[in-house]
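Let's take a walk through this fold together, with the chain open in your viewer.

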Amino acid sequence: QLQLVESGGGLVQPGGSLRLSCASSRGTLSYYVIGWFRQAPGKEREGVSCISSSGSVIKYADSVKGRFTISRENAKGTVYLQMDSLQPEDTAVYYCAAYGTLAQAACPMTGDFFGSWGQGTQVTVSS
């Protein structure tokens with residue numbers, strides 16, 4: 001079972017930035033689609049962004065488009081989520097998840113495809 005670990009969450013003021021990281025216990029994420037999801041209190045889990053195994057396909061939720069950037073460094077076995085212009089509505093627990101597939105263009109934003117999940121990291125945007 002692939003284990004994922006998120007880091008980089010914290011408390012930030014509105015308009016600020018954070019960079020989340022997702023690393024695997026195996027030291028590689030090369031053959032996995034990685035998705036970032038978030039869940040705020042009392043709300044359903046939301047797909048934030050995904051990146052295909054090759055990095056050629058990237059998707060964002062409309063709510064974060066233009067503010068968040070996903071990237072991956074396969075040599076380091078790490079995927080990043082750069083979050084800029086953070087707003088209070090971005091407050092949530094953020095999870096990374098991995099989906100093993102041979103389809104290099106796959107990049108689903110639905111959590112059902114993802115078999116491995118991290119424990120989550122809290123992001124709080126507040127003044």
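A charge counts as sitting over a ring if NZ of Lys or CZ of Arg is within 6 Å of the ring centre and within 35 degrees of the ring normal. Keep in mind that what you see is a predicted model. Arg 45 is placed in this way over the face of Phe 37, at 5.7 Å from the ring centre. Arg 19 takes up such a position over Tyr 80, with 4.1 Å to the ring centre.

How many aromatic pairs does the structure hold? There are 5. One of them brings together Tyr 99 and Phe 113, a tilted pair with 5.6 Å centre to centre and 55 degrees between the planes. Tyr 99 belongs to strand β9 (residues 92-100), while Phe 113 sits in the loop between β9 and β10 (116-117), so this pair links distant parts of the chain, 14 residues apart. Tyr 99 is buried, at a relative accessible area of 19%, whereas Phe 113 is partly exposed, at 44%. Phe 114 and Trp 117 make another pair, this one edge-to-face, with centres 6.4 Å apart and planes at 65 degrees. In this pair Phe 114 is buried, with a relative accessible area of 5%, and Trp 117 is partly exposed, with 27%.

Now return to Tyr 80, the ring under Arg 19. Among the residues that Ser 21 touches are Tyr 80, Val 79, Thr 78 and Trp 36, leaving aside residues up to four places away in sequence. Ser 21 lies in strand β3 (residues 18-24) and is buried, its relative accessible area being 16%.

Strand β3 also carries a cysteine, Cys 22, which brings us to the 2 disulfides. Cys 22 is bonded to Cys 96, S to S 2.1 Å, and the link is right-handed, with 70 degrees about the S-S bond. Cys 96 is in strand β9, and 74 residues separate the two partners. Cys 22 has a relative accessible area of 0%, and Cys 96 likewise has 0%.

The other bond joins Cys 50 and Cys 107, with sulfur atoms 2.0 Å apart. It is right-handed, at 120 degrees about the S-S bond. Counted in sequence order, the bonded cysteines pair 1-3, 2-4.

Key: Residues numbered from 1 in each chain as written. Predicted model: local features only at pLDDT ≥ 70, side-chain atom pairs only at ≥ 80, totals over all residues. Heavy atoms only, no water. Phe/Tyr/Trp six-rings, centres within 6.5 Å; stacked < 30°, edge-to-face > 60°. Helix = DSSP H or I, 4+ residues; strand = E, 2+ residues; numbered from the N terminus. Buried < 20%, exposed > 50% of the residue type's maximum accessible area, 1.4 Å probe, protein only. Contact = heavy atoms within 4.5 Å. Disulfide = S-S within 2.5 Å.
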